[in-house]
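Keep the model open as you read.

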Amino acid sequence: MTETKTTCPYCGVGCGVVVAEDRTVRGDGAHPANRGRLCSKGSALAETLDDSGRLRTPMIGGGAAGWDEALELVAQRLAETIAEHGPDAVAFYGSGQFLTEDYYVANKLMKGFIGSGNIDTNSRLCMASTVAGHVRAFGEDIVPGVYEDWEEADLVVLVGSNTAWCHPVLFQRLVAARAERGTRIVVIDPRRTATCDSADLHLPLAPGSDVALFAGLLKHIAETGHLNEGWIEAHTNGLSAALEAASGLDVARITRLPAADIQAFYDLFVSTERVVTVFSQGVNQSSAGTDKVNAIINCHLATGRIGRPGMGPFSVTGQPNAMGGREVGGLANQLAAHMNFDRPADIDRVRRFWQAPSMALRPGLKAVDLFDSVRDGRIKAIWIMATNPAASMPRAELVREALKACPTVVVSDCWVTDTTALADIVLPAASWGEKDGTVTNSERRISRQRPFRAPVGEARPDWWIMSEVARRMGWADAFPYVKPADIFREHAALSAFENDGGRIFDIGGLASLSDNGYDAMPPVRWPVLAGGRESGRLFADGGFATPDGKARFVPTAWRPPVARQERRYPFMLNTGRIRDQWHTMTRTGLAPRLMAHRDEPYLELHPHDAMKLGIGDGDLVRVQTVHADAVLRALVTDGQRIGEVFAPMHWTDRFASAGPVDRLVSGACDPVSGQPELKATAARLSPVPTLWRGLLVGEMRRHDGIYHARIPTEAGQIHEMRGWQPLPAPEGVAEWADRLIGRAGQRLEVIDPLTGAYRFANIVDGRLDACLMISAKSRYPLPDRADLAAMIGARIGEAERAIFTTVREAADAQPVRKTVCVCFGVDHAQIEQAIRGGRLTSAAEIGKVLKAGTNCGSCIPELKEILREMQVVA
Ligand SMILES: Nc1nc2c(c(=O)[nH]1)N[C@H]1C(S)=C(S)[C@@H](COP(=O)(O)OP(=O)(O)OC[C@H]3O[C@@H](n4cnc5c(=O)[nH]c(N)nc54)[C@H](O)[C@@H]3O)O[C@H]1N2
Ligand SMILES: Nc1nc2c(c(=O)[nH]1)N[C@H]1C(S)=C(S)[C@@H](COP(=O)(O)OP(=O)(O)OC[C@H]3O[C@@H](n4cnc5c(=O)[nH]c(N)nc54)[C@H](O)[C@@H]3O)O[C@H]1N2
Ligand code: SF4
Ligand SMILES: [Mo]
């Protein structure tokens with residue numbers, strides 16, 4: 001049987017995956033990132049290979065078109081816009097989900113040939129603050145450590161990082177190491193997340209107060225005699241200014257943490273030599289993101305704990321190729337191969353290497369400004385690729401307005417999304433499993449993504465699409481690529497071009513790989529110098545990419561988030577991820593198994609706030625910000641701080657009436673990195689009393705003024721509905737139901753205001769085609785939705801007929817969370833039962849009885865939570 005070794009297309013851990021001929025997927029035991037492990041998302045990859053919703057042909061103005069016609073039109077529109085308004089009237093918006101080869105071509109086309117810096121990417125929303133912080137401290141955007149450091153550390157500090165859910169396999173490696181060596185774990189996050197379940201100390205700090213916490217730590221390091229003076233002297237500059245900026249801060253007041261907890265963290269940090277500080281979006285997505293990054297790095301420089309086993313600041317990348325994007329210089333303020341716009345020699349070097357006719361001479365617009373410029377008409381043609389900004393950008397409604405107003409919007413994607421819905425030209429891109437190229441993970445390791453199937457329909461890889469457009473714009477000689485290996489070799493050669501060691505990113509050793517060598521390339525960590533072996537940790541003995549080779553301490557002054565909780569908007573809205581969904585759900589939303597963990601969009605709030613507002617668990621709650629409002633289900637949990645709420649970022653218009661939560665989110669940016677503060681928007685809440693609950697099985701027509709969420713299941717699409725306006729009068733309700741069901745057929749119906757039961761079945765050829773069930777009185781609840789879904793397509797016999805003609809008792813409403821262990825399909829109720837029945841007291845015991853938590857392990861935190869809720873363990 002032939003097997004394909006490739007890389008998971010989700011998070012920046014970059015796990016190796018083996019795909020068998022029958023398309024089953026397992027972890028690659030030989031891949032150094034995961035050594036055979038996969039998380040729930042990786043394990044479910046096969047289930048997302050559903051082709052039914054794929055974009056199959058190019059579309060122009062909503063109608064199918066051929067590639068020639070579409071490519072010609074894109075080239076013509078770009079050329080015309082440039083001729084009429086100049087190169088800065090054109091923009092690309094790309095993605096950390098590009099392969100490196102796609103990314104390289106996009107950057108070269110924009111910065112070398114179109115002649116503008118206006119290419120930015122979703123990495124602006126993700127890694128920009130880290131990039132800026134690294135450059136300020138190290139002179140270059142470098143992650144110094146390797147994954148083994150997580151296992152060799154004695155203390156791991158996780159800052160603004162829900163690692164258990166967002167980097168699950170790395171987290172499992174950490175937890176395994178902890179079982180062996182007793183690694184201490186400190187989590188710094190305003191919320192109590194699943195990650196905290198494995199922590200020795202959780203510091204639920206006030207949002208945005210990290211700079212104060214780490215500045216205080218720097219001061220503590222100095223005051224307690226823990227400065228590594230020899231190393232500081234030899235390898236750094238600027239300590240005294242950083243210390244000065246760190247003085248006079250009342251850390252306890254700013255962070256609103258108990259002084260004893262702060263002390264405990266500081267003591268642990270100074271007394272432990274092997275410390276890794278991991279950080280991600282709680283740090284980056286902040287109006288002080290770059291300062292947060294530097295405040296953390298300062299503490300590692302002050303102790304000389306960098307680049308040695310088990311030590312260092314460690315930014316974990318989010319997307320599978322966030323790091324590759326940084327290598328090619330995909331952000332508007334980067335050039336290419338870690339070269340910079342602020343050095344004219346760099347610009348000239350890249351120009352000569354590319355033989356570029358119209359080299360961009362200055363940075364372009366960063367994402368938030370870029371879309372603002374589209375909206376105010378300065379940018380007249382935009383090409384969006386491998387990202388869904390109509391759902392993932394802050395102030396998403398303004399982004400939509402911008403796209404509606406823009407004369408030329410081209411979108412390359414694999415599925416229909418909120419963004420493709422606004423495009424003039426849609427180009428079908430090849431997807432994971434069809435694409436061929438490389439990605440780089442959080443520890444600088446380059447891995448191959450290899451195809452194991454032909455592209456669906458007419459879909460083509462992004463590098464091909466862009467090269468074809470470049471050719472049609474007259475630059476065929478510069479874009480002659482026939483396969484990804486051609487592009488990779490050029491990228492590797494540029495990294496080594498006139499590189500005398502001044503740029504650490506150098507993969508010159510890979511520039512002369514043969515096609516076969518590229519095909520067979522094992523995972524390799526950069527730098528890879530000509531003739532050299534793969535490298536390990538960096539900076540233990542200095543060697544920073546600054547003119548004097550020394551790292552720089554950066555003085556960081558604390559400032560609060562831009563949004564303030566005030567009378568009109570007393571809450572702070574935080575946003576982020578859940579365990580089983582990936583961003584805007586275009587792929588993970590296809591797998592019923594991944595919907596089981598959390599199946600509806602929700603808002604977490606503290607019991608105290610819930611009580612004050614009269615909101616119960618599962619109730620509807622309206623969240624309102626200056627930008628927009630949305631109605632979500634409440635999830636009441638004391639894991640939230642009082643006055644703060646959290647909503648997942650995932651649901652879009654394609655899944656729920658609430659649409660993307662980014663409609664509500666502020667666009668305030670960090671002044672250095674331009675990264676928006678996606679974690680802090682002032683909001684107000686109000687209860688939305690529910691008058692009825694409904695279930696619709698089948699496709700549903702969108703309907704304003706009701707809450708609904710689509711839940712893909714094995715049996716079909718289920719829509720959970722809730723209404724806060726009265727149902728239509730009995731004589732109008734059938735017509736209302738018709739509009740929701742929106743399809744022809746024979747009807748069975750119950751319209752019974754007395755029991756509050758309204759039931760409609762659409763029958764086609766004697767089989768159940770769709771059904772709508774409404775319950776307006778809780779004494780007459782809805783049937784179990786899985787049972788209903790299982791009936792779709794079935795012949796309607798007497799028993800089924802009775803459901804739609806008389807009202808009977810049935811199972812009660814589903815709780816918001818259901819399946820806990822996705823790997824073995826174990827649900828909450830089974831677990832409770834097993835705990836009660838077997839007097840179980842630990843996750844391990846549950847695992848023995850039910851297998852739950854024994855495969856990927858990502859549900860272990862929840863098992864513990866259930867044990868805690870049942871008060872089995874303290
Ligand atoms: N399951 C899943 N995994 C993913 C992804 C996914 O969509 N789904 N996406 C991937 C991508 S692209 C990324 S970027 C990563 C993101 O990975 P993470 O950064 O771990 O994820 P988030 O949930 O966005 O945010 C992390 C935490 O920051 C906290 N936070 C908010 N404000 C503050 C603050 O002021 N200070 C501190 N210290 N913490 C704060 C939030 O409460 C949240 O728990 O995940 C990657 N992995
Ligand atoms: N409120 C809030 N907003 C956030 C965040 C947050 O924490 N809170 N996090 C931010 C972060 S860190 C990130 S990374 C972004 C992610 O936001 P997005 O990048 O917008 O999210 P995705 O759903 O991953 O979008 C990727 C798109 O590319 C398509 N696609 C997949 N593979 C390919 C391919 O090979 N080629 C092409 N052309 N298309 C492909 C997918 O179908 C999908 O539509 O969201 C950001 N937005
Ligand atoms: S940890 Fe990340 S890379 Fe690994 S399987 Fe899970 S989503 Fe994929
Ligand atoms: Mo990200």
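## Ground rules

Two strands pair if DSSP finds at least two bridges between them. Helices (H or I, at least four residues) and strands (E, at least two) are DSSP runs, numbered from the N terminus.

This is a predicted model, where local features need pLDDT of at least 70, side-chain atom pairs count only at pLDDT 80 or more, and totals for chains, interfaces and linings use all residues. Residues are numbered from 1 along each chain as its sequence is written, chains are lettered from A and ligands numbered from 1 in the order in which they are written, and side-chain values use heavy atoms, leaving out hydrogens and water.

## Around strand 24

Strand 23 (residues 620-624) runs antiparallel to strand 24, with 5 bridges, and a hairpin of 4 residues links the two. Across that pairing, Arg622 sits opposite Val631.

Strand 22 (residues 602-605) pairs with strand 24 too, in the parallel sense over 4 bridges, and here Leu603 faces Ala634. Strand 24 (residues 629-636) is largely enclosed by the rest of the structure, because 6 of its 8 residues are buried (under 20% relative accessible area, 1.4 Å probe, protein chains only).

## Helix 8 against helix 14

Helix 8 (residues 210-223) packs on helix 14 (residues 289-303) at about 15°, axes 8 Å apart; axes are lines fitted to C-alpha atoms over the stretch in contact, and angles run from 0 to 180 degrees between N-to-C directions. The two are therefore roughly parallel (angles under 35 degrees).

Conventions
Buried < 20%, exposed > 50% of the residue type's maximum accessible area, 1.4 Å probe, protein only. Parallel < 35°, antiparallel > 145°, perpendicular 65-115°, else oblique.
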